[in-house]
Amino acid sequence: VVFVLKVTPTMLAQDIQPSRLERAVHKIRDLLELRGGADAALVAYAGSAHLVMPITSDDDIIVTFAAELRPEIIPKEGDATAEAVALANEQLTRAGRPGSIVLISDSIDPAQSTPLAELQAAPVQILAVAGDQSKPLPLSSPPAPALNQNQLQASAQAMNGTRTVVSPDDRDVQRISRNITTSFVAAQQRDGGDRWMDLGYWLTPLIALMSLVWFRPGWVVKW
């Protein structure tokens, strides 16, 4: 799993407590625990995308680095979602095995739809971390737009992925985990499952010849 985490000023909004960004880190931790130590990597982005941690089996270091991310450490403001997803996919390609990308964001610029659709990326599971219109921002919160589900759903469809809205319990990570498992099984079947089933027929004559030895005198054991 490669986590792609948006790190912009809007992710500091407090309509999701304690903030969108802090809740996103909590969800990364929860998903890693749920996946039982699966290898993971971390990409952070705003107007540019950066590899924070390459693929590792150390869950704690992923969570630790994610918790230290702040908007001011990303050198460029903006929305480089497509660049970040491409960087995440590059990590999976180098690993040489199937995987999924979990994109955690509060919004995606509509201008990113075309470059996202053009990517030949692994399955992308979007976790939308933002409150809707019914959750007004606290007075102490940085300004940020409310959740736009249609926008995020369009981005998910552009990448042949899924969109899950953050929940106060573990329903969101449970759903994403199921989606990851489904994608992994499908990838295994595409890469070798059918071939394994189709090439078994040539063993049939050999098995038949081996079975003939049981009819020779002296080869049958009487109990």
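A residue is termed buried when its relative accessible area is under 20%, exposed when this is over 50%, and partly exposed in between, with a 1.4 Å probe and protein chains only. The model is predicted, so that local features require a pLDDT of at least 70 and side-chain atom pairs count only at pLDDT 80 or more, whereas totals for chains, interfaces and linings use all residues. Residues are numbered from 1 along each chain as its sequence is written, and side-chain values rest on heavy atoms, with hydrogens and water left out.

Helices (H or I, at least four residues) and strands (E, at least two) are DSSP runs numbered from the N terminus. Strand E4, residues 101–105, is largely enclosed by the rest of the structure, because five of its five residues are buried. Ile-101, Leu-103 and Ser-105 point one way from E4, while Val-102 and Ile-104 point the other way, and all are buried. In a regular strand the side chains alternate between the two faces of the sheet.

Two strands are taken to pair if DSSP finds at least two bridges between them. Strand E1 (residues 2–6) pairs with E4 in the parallel sense over four bridges, with Val-2 standing opposite Ile-101. E4 also pairs with E5 in the parallel sense, over five bridges, and Val-102 has Gln-125 in E5 as its bridge partner.

Within strand E5 lies Ala-128, which counts as buried because its relative accessibility is 0%. With neighbours within four places in sequence set aside, Ala-128 is in contact (heavy atoms within 4.5 Å) with Ser-105, Leu-147, Leu-152, Thr-164, Val-165 and Val-166. The C-alpha atoms of Ala-128 and Arg-20 are separated by 9.5 Å, although these residues are 108 residues apart along the chain.

In helix H5, residues 149–158, the residues Gln-151, Leu-152, Ser-155 and Ala-156 are buried. They lie on the same side of H5 because they cover an arc of only 135° around the axis, the arc being that of the directions from the helix axis to the C-beta atoms. The cover over these buried residues includes helix H4 (113–118), strand E5 (124–128) and strand E6 (162–165), whereas Asn-150 and Gln-157, on the other side of H5, are exposed. At the N-terminal end, Asn-148 caps H5 through a side-chain oxygen that lies 3.3 Å from the backbone nitrogen of Asn-150. H5 is followed by Asn-160, which has a positive phi near 55°.

Technical notes: A polar contact is a pair of N or O atoms within 3.5 Å; within protein, one must be able to donate a hydrogen and the other to accept it, and residues adjacent in sequence count only if both atoms are side-chain atoms.
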